[in-house]
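This report walks through one protein model, taking its open spaces, its sheets and its helix packing in turn. Please keep the sequence and the structure in view while reading.

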Amino acid sequence: MSVRIEVLSGLGDKGPAAIVVETQGKRLLLDAGGALHPGDAITWANNLDVDAVLISHDHIDHIGGVAQLPDDVPLYCTPLVAKALPKHRQWQPLPERGSLEVEGITVTTGQAGHSLGGVWLHLAVAEGIFYSGDACFESRLFPFDTPPPARIALLDASYGAYDQSQQGCIQAISEHLTQPLVFPVPATGRALEMALWLAEEAKARGLTLAIDAVIRANLAALLALPVTLRRPGTETAIASVLARSDDANAALMLVSDRDDVPAQWPDYRLLHTGYLTPERCTQLAAGDVLWQRWNVHLRASHLRALADQLGATHVMPLFTHLTDQPLNEWRKLLGKHLCTTPHFSTGVRSTTFSSLGSFACPQ
């Protein structure tokens with residue numbers, strides 16, 4: 001029995017996630033990412049034939065391409081992630097933490113530390129295939145569950161060789177709190193933990209804070225989950241934020257990242273904390289917006305630690321730029337784990353890193 005993994009999108013660049021695992025006569029699609037930039041075409045789904053789809057979380061670059069797939073393909077996701085599916089799209093539940101059979105393949109899930117309802121995926125084939133989706137060890141709210149061993153690891157490497165701690169990020173952001181700020185954020189991701197931090201900072205500094213209603217609703221949804229699906233000791237802080245009243249003219253605004261046009265906020269500076277689209281990069285270069293990362297992905301030392309923890313012999317860093325010069329950095333970081341050459345003595349075959357890659361693993 002053999003396993004073939006084809007990365008349709010997400011290898012060699014920051015792009016939509018779409019990976020096909022073919023084994024036991026079945027083809028499973030891991031994530032169905034949509035375009036990161038308005039107007040970009042989604043081509044990975046063209047003439048795609050799969051038996052089932054597994055969605056790790058609800059951010060657009062992982063779920064936004066579902067509409068490109070036939071409606072009759074079975075789709076699995078957690079109930080909270082299902083809220084982001086196209087209207088009337090049928091789905092079957094993935095556990096937030098547990099196992100199930102999908103097309104005869106045992107799929108195990110666990111908390112990925114990145115977003116509300118988000119999970120990592122482990123397939124019990126080829127001595128284990130682990131797909132992190134987007135993942136983080138440092139979330140204040142979302143736990144990261146230890147996964148089973150896996151020989152092959154498809155890991156969120158969005159940050160490349162970057163390795164600043166979350167505490168360093170928070171300190172850098174706090175230095176901007178002397179001015180009126182708007183924080184546009186993904187409403188099911190970092191928004192929730194940033195809400196807790198900003199509430200504490202606003203109280204300590206005597207500042208006013210307003211939090212988007214969508215973000216509040218997601219905090220309430222998190223609070224309603226079983227306690228084991230949150231970091232310990234966070235209930236009081238979440239409840240305190242939900243009990244806060246908002247000020248329409250607050251000095252600090254936490255909003256959904258759809259409201260991120262500087263002209264909408266003439267009396268504020270926008271401070272972005274994540275991925276910058278080309279338009280946002282132009283705004284940053286012109287001094288129209290601010291940027292400071294808030295960690296929501298695996299940073300370099302955590303990427304290596306996860307590869308070691310899994311016991312992986314082959315690791316593909318996903319969702320990051322991979323060109324000749326950075327490959328030397330990747331070799332230093334992942335060493336023997338890194339998939340960079342077309343052939344491996346174990347029989348694994350891979351393209352060199354590019355916009356499309358695949359490899360096959362005899363079991």
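Which residues lie nearest the centre of the second largest pocket, and how many residues line that pocket?

## The second largest pocket

The model is predicted, and what follows should be read with that in mind. The second largest pocket is lined by 17 residues, and those nearest its centre are Ser-9, Lys-14, Gly-15, Pro-16 and Ala-41. The space in this pocket comes to about 340 Å³, and its lining is made up of 8 nonpolar, 6 polar and 3 charged residues.

The structure contains 1 cavity of 30 Å³ or more, and the volume of the largest cavity is about 50 Å³. Its lining consists of Glu-96, Gln-111, Ser-115, Leu-116, Gly-117, Phe-142, Leu-222, Leu-225 and Leu-229. By class, the residues that line the largest cavity divide into 5 nonpolar, 3 polar and 1 charged.

## The mixed sheet

An open sheet is formed by 6 strands in the order E7-E8-E9-E10-E11-E17, and its pairing is mixed.

At the E7 end of the order, the pairing can be followed residue by residue. Strand E7 (residues 98-102) pairs with strand E8 (residues 105-111) in the antiparallel sense over 5 bridges, and within this pair Gly-98 stands opposite Thr-109 of E8. E7 and E8 form a hairpin with 2 residues between them, and Glu-103, which lies in the turn, has a positive phi of about 55 degrees. E8 is in turn joined by 5 bridges to strand E9 (residues 119-123), with the two strands running antiparallel, and here Val-107 has Leu-123 of E9 as its bridge partner.

## The parallel sheet

Strands of a sheet pair through backbone hydrogen bonds, in either a parallel or an antiparallel sense. An open sheet of 5 strands, in the order E13-E14-E12-E15-E16, has parallel pairing. Strand E13 (209-211) and strand E16 (289-291) stand at its edges, and because each has a single partner strand, one side of each is left without a neighbour in the sheet. Neighbouring strands of this sheet are turned against each other by 25 degrees on average, direction ignored.

Leu-209 has Leu-252 of E14 as its bridge partner.

## Packing of two helices

How are H4 and H6 oriented relative to each other? Helix H4 (residues 190-205) and helix H6 (residues 235-243) pack at an angle of about 75 degrees, and their axes are 10 Å apart. Angles of 65 to 115 degrees count as roughly perpendicular, and the two helices, H4 and H6, are therefore roughly perpendicular to each other. On the H4 side the contact is made by Ala-195, Leu-196 and Ala-199, and on the H6 side by Ala-237, Ile-238 and Val-241. Classified by residue type, this contact of H4 with H6 has 6 nonpolar residues, with no polar and no charged residues.

Terms used: Residues are numbered from 1 along each chain as its sequence is written. This is a predicted model: local features need pLDDT of at least 70, side-chain atom pairs count only at pLDDT 80 or more; totals for chains, interfaces and linings use all residues. Side-chain values use heavy atoms; hydrogens and water are left out. Two strands pair if DSSP finds at least two bridges between them. Helices (H or I, at least four residues) and strands (E, at least two) are DSSP runs, numbered from the N terminus. Axes are lines fitted to C-alpha atoms, for helices over the stretch in contact, and angles run from 0 to 180 degrees between N-to-C directions. Angles under 35 degrees count as roughly parallel, over 145 as roughly antiparallel, 65 to 115 as roughly perpendicular and the rest as oblique. Contact means heavy atoms within 4.5 Å. Ala, Val, Leu, Ile, Met, Phe, Trp, Tyr, Cys and Pro count as nonpolar, Asp, Glu, Lys and Arg as charged, and the others, Gly among them, as polar. On a 1 Å grid over the protein atoms alone, a cavity is a set of points where a 1.4 Å probe fits but cannot get out, and a pocket is an open set with protein on both sides within 12 Å along at least five of seven lines; lining residues have an atom within 4 Å of a point. Grid points are joined across faces, edges and corners, and a volume is the space filled by probe spheres set on the points.
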